[in-house]
Amino acid sequence: MGKPVVLGIESSCDETGAGIVRDGELLAHVVASSMDEHARYGGVVPEIAARAHLHAFNPVVRQALDQAGLRLNQLDAVAVTTGPGLSGALQVGLAGAKTLAYSAGVPLYGVHHLAGHVAADTLEHGPLPEPCVVLIVSGGHTSLLLVRDLVREPILHLGDTLDDAAGECFDKVARILGLPYPGGPAIDRAARDGDPAVAFPRPLTRSGDDPYAFSFSGLKTAAARWVERHRVRGEELSVADGAAALQEAVADVLTRKALAACRAYDVRTLVVVGGVAANSRVRGLAEERCAAAGIELRVPPMTLCTDNGAMIAAVGDLLVRADAEPAPLNVSVDPSAPLDYASLTPLPSAPARAA
């Protein structure tokens, strides 16, 4: 038997993604986004997202197969995001993936969305070092993880966000500054011409605070008050300065905690993934601090940072090669699935090692 070919489906939010991976090699990567349809509302509308997935699913899968030069009957497995995410959006992807797996007569694997972000890096840089510290930063999630074998061992959470995630903070402050949705790219663009000297706080970085937990709600509030003070006084507001200062504060907190985790756990590789990993200052500051600390930094290409099917196919590929059990026929979605394992049906493994 040749190397297995895995199709991955992602539909947890506003991107319909299909990717095809064979033995760690990316063969196809196609994404259709409904972001423009949500922009007028300043955020993702679940019903609109689910409807967009219905329209995009078949064309995206067909394009991925064409891009890889494959037919449906040449697939060996289908992997699909089962959570976390928007319930209706996840259900569209799962229903479509079940149909494809049944039609092709191949097994179906349920994959955790955030594990997909972690696996995205393997498509660019190869297998993850064991262990590594992973910083996940996206619109709804900010987490620091200790990862050993991604598909065989439990994922150890060192710290998670207590309130707003980094991407959520960008979205909310962008709206306050009068910038368009999505806020992350808009903040990044505006910050290019700004001075980051505005004294925004660095949440949870004082002595005695949880060293690996995140909180960006207070930073969002500080930015809102800064804007309000300028408007009340009738002073001209520098959107570029506000954006630059916000971006600097977020990047500082993220990289400071990630490097502290690497030192504490004697890990020599930091992997930064998720949509906010595309932010220029987050990437730049991570590069500076990792170089100074002698730590290898791995960040996927920007096209693999945002939600996509390739990252789900990457997890599916690892599961197939590890002889994992496929998902049961009655598999369903879990919109609030905790990140304990990469797959819906974890592989039997040795007892979890002490941190």
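This is a predicted model: local features need pLDDT of at least 70, side-chain atom pairs count only at pLDDT 80 or more; totals for chains, interfaces and linings use all residues.
Q: Which residues of α6 and α9 meet, and what makes up the contact by class?
A: From α6, Ala166, Cys169, Phe170 and Val173 meet Leu246, Gln247, Val250 and Leu254 of α9. Sorted by class, there are 7 nonpolar residues, 1 polar residue and no charged ones.

Q: Why are α7 and α9 called roughly perpendicular to each other?
A: Helix α7 (residues 183-191) and helix α9 (residues 239-264) pack at an angle of about 115 degrees. The range for roughly perpendicular is 65 to 115 degrees, so α7 and α9 are placed in that class. Their axes are 7 Å apart, and α7 passes α9 in a left-handed crossing.

Q: What makes up the contact of α7 with α9?
A: On the α7 side, the residues are Ile187, Asp188, Ala190 and Ala191. They meet Val239, Ala240, Ala243, Ala244, Leu246 and Gln247 in α9. The tally is 8 nonpolar, 1 polar and 1 charged residues. Asp belongs to the charged class, so Asp188 is counted there.

Q: Which sheet does α9 pack on, and which strands does α9 touch?
A: That sheet is an open one of 5 strands in the order β8-β7-β6-β9-β10, with mixed pairing. The twist averages 20 degrees from one strand to the next. Helix α9 touches β6 (132-137), β7, β8 and β9 (269-273), and its direction makes about 160 degrees with that of β6.

Q: Why do β8 and β10 stand at the edges?
A: β8 (156-160) and β10 (296-298) each have a single partner strand, so one side of each is left without a neighbour in the sheet. For β8, there is pairing with strand β7 (residues 142-147) in the antiparallel sense over 4 bridges. Within that pair, Leu144 stands opposite Gly159 in β8.

Q: How do you know that β1 and β2 pair, and in which sense?
A: At least two bridges are needed for two strands to pair. β1 and β2 have 6 bridges and run antiparallel, so they meet that requirement. Val6 has Val21 as its bridge partner in β2. A hairpin through 4 residues joins β1 to β2.

Q: What makes the pairing in the sheet of β1 mixed?
A: The sheet is open, with 5 strands in the order β3-β2-β1-β4-β5. β1 and β2 are antiparallel, whereas β1 (residues 5-10) and β4 (residues 77-83) pair in the parallel sense over 4 bridges. In β4, Val80 is the bridge partner of Ile9.

Q: Why is β2 described as mostly covered?
A: Of the 8 residues in β2, 7 are buried. A residue is buried if its relative accessible area is under 20%. As for its partners, β2 also joins β3 antiparallel, over 8 bridges. Gly17 stands opposite Val31 in β3. The hairpin of β2 and β3 has 2 residues between the strands, and Asp23 in that hairpin takes a positive phi near 55 degrees.

Q: How do you know whether Ser34 is buried or exposed?
A: Ser34 has a relative accessible area of 4%. The cut-off for buried is under 20%, so Ser34 is buried. Ser34 is found in the loop between β3 and α1 (35-39). Leaving aside residues up to four places away in sequence, Ser34 touches Asp14, Ala49 and Ala52.

Q: Which strands does helix α4 lie across, and at what angle does α4 run to β5?
A: Helix α4 (residues 113-120) lies across β1, β4 and β5, and runs at about 90 degrees to β5. Helix α11 (residues 309-321) packs on the sheet too, touching β1, β2 (15-22), β3, β4 and β5. The direction of α11 makes about 135 degrees with that of β1.

Methods: Residues are numbered from 1 along each chain as its sequence is written. Side-chain values use heavy atoms; hydrogens and water are left out. Contact means heavy atoms within 4.5 Å. Axes are lines fitted to C-alpha atoms, for helices over the stretch in contact, and angles run from 0 to 180 degrees between N-to-C directions. Angles under 35 degrees count as roughly parallel, over 145 as roughly antiparallel, 65 to 115 as roughly perpendicular and the rest as oblique. A crossing is left-handed if the near helix is turned anticlockwise from the far one by less than a right angle, and right-handed if clockwise. Buried means under 20% relative accessible area, exposed over 50%, partly exposed in between (1.4 Å probe, protein chains only).
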